[in-house]
Amino acid sequence: MKKTGTGNLFMVFGEPDIEINEDKTDKIKVEINGLDVHDPTTGQIRSNSTSDIACWFIDTDYNGESFIVRQAYFTGTKDPYKKLMKTLKSDISEEAWESLYSTSSMPFNKPSTGKISVKVINHYGDEVMQIYKV
């Protein structure tokens, strides 16, 4: 039998750098500032700015069992608008795109579960999710 090389199986660990704010009407708004990811190959923490984040999602009423994308946003400086139009093979209105190309979420009601979850994917394909009590 032929010897094969060894493979590395690992899980990426990280944490979104976010701020959760409540306004005067008791609505919650999330702002993403970046993403810190532990690189298991080097043992170092890799900090990503919002320009390194491909997309981020919020489950505004996380039930502890499954993540449901209730708000989705795209960031980064590599012209994600053009890539998305090419992938969808259609035009997207500039106004609609502006609401998705953001580091700040739309305001939302307090969750009935008392928890939200934020999932972030950077340009390396690293995906991290964090749960927050609000």
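Read along the sequence, the chain follows the order β-β-β-β-β-α-α-β-β, with two helices and seven strands in total. Helices (H or I, at least four residues) and strands (E, at least two) are taken as DSSP runs and numbered from the N terminus. The model is a predicted one, in which local features need pLDDT of at least 70 and side-chain atom pairs count only at pLDDT 80 or more, while totals for chains, interfaces and linings use all residues. Residues are numbered from 1 along each chain as its sequence is written, and side-chain values use heavy atoms, with hydrogens and water left out.

Of the 134 residues in the chain, 31% are buried. Here buried denotes under 20% relative accessible area, exposed over 50%, and partly exposed the range in between (1.4 Å probe, protein chains only).

The count of salt bridges comes to four, a salt bridge being a side-chain nitrogen of Lys or Arg within 4 Å of a carboxyl oxygen of Asp or Glu. In general, side chains of opposite charge can pair when their charged atoms come close. One of the salt bridges is formed by the side chains of K110 and E22, at 3.3 Å from N to O. K110 lies in the loop between helix 2 and strand 6 and E22 in strand 1, so this pair ties together parts that are 88 residues apart in sequence. Both partners are partly exposed, K110 at 44% relative accessibility and E22 with a relative accessible area of 47%.

A further salt bridge joins D126 and R46, whose closest N and O atoms are 2.3 Å apart. This pair also links distant parts of the chain, with D126 in the loop between strand 6 and strand 7 (127–133) and R46 in strand 3, 80 residues apart. D126 counts as buried at 11% relative accessibility, whereas R46 is partly exposed, with a relative accessible area of 22%.

The side chains of D59 and R70 likewise meet in a salt bridge, at 2.7 Å from N to O. D59 belongs to strand 4 and R70 to the loop between strand 4 and strand 5 (71–74), so the parts tied together by this pair are eleven residues apart in sequence. D59 is buried, its relative accessible area being 0%, while R70 is partly exposed at 41%.

On the surface, E15, D17, E19 and D36 gather in a patch of negative charge. Such patches are made of residues with over 30% relative accessible area and no salt bridge, like charges being joined within 9 Å and nonpolar side chains (Val, Leu, Ile, Met, Phe, Trp, Tyr) within 5 Å. Lys and Arg count as positive and Asp and Glu as negative, His and the chain ends not being counted; the place of a charge is taken as NZ of Lys, CZ of Arg, CG of Asp or CD of Glu. Accessible areas come from the Shrake-Rupley method with a 1.4 Å probe, and for residues only the protein chains shown count as cover. Strand 1 (residues 13–22) supplies the largest share of the negative patch, three residues. E19 lies in this strand and is partly exposed, with a relative accessible area of 39%.

Polar contacts were also identified (pairs of N or O atoms within 3.5 Å; within protein, one must be able to donate a hydrogen and the other to accept it, and residues adjacent in sequence count only if both atoms are side-chain atoms). The side chains of K119 and E127 are joined by a polar contact of 3.4 Å. K119 is located in strand 6 (residues 115–122) and counts as buried at 18% relative accessibility. In the loop between helix 2 (94–100) and strand 6 lies S102, whose side chain reaches the backbone oxygen of S104 at 2.8 Å. S102 counts as buried, at 18% relative accessibility.

D52, in the loop between strand 3 (44–49) and strand 4 (53–59), is partly exposed, with a relative accessible area of 30%. D52 and H123 are 71 residues apart in sequence and 5.9 Å apart in space, C-alpha to C-alpha. D26, found in the loop between strand 1 and strand 2 (28–39), counts as partly exposed at 44% relative accessibility. Most residues other than glycine have a negative phi. D26 has a positive phi of about 65 degrees although it is not a glycine.
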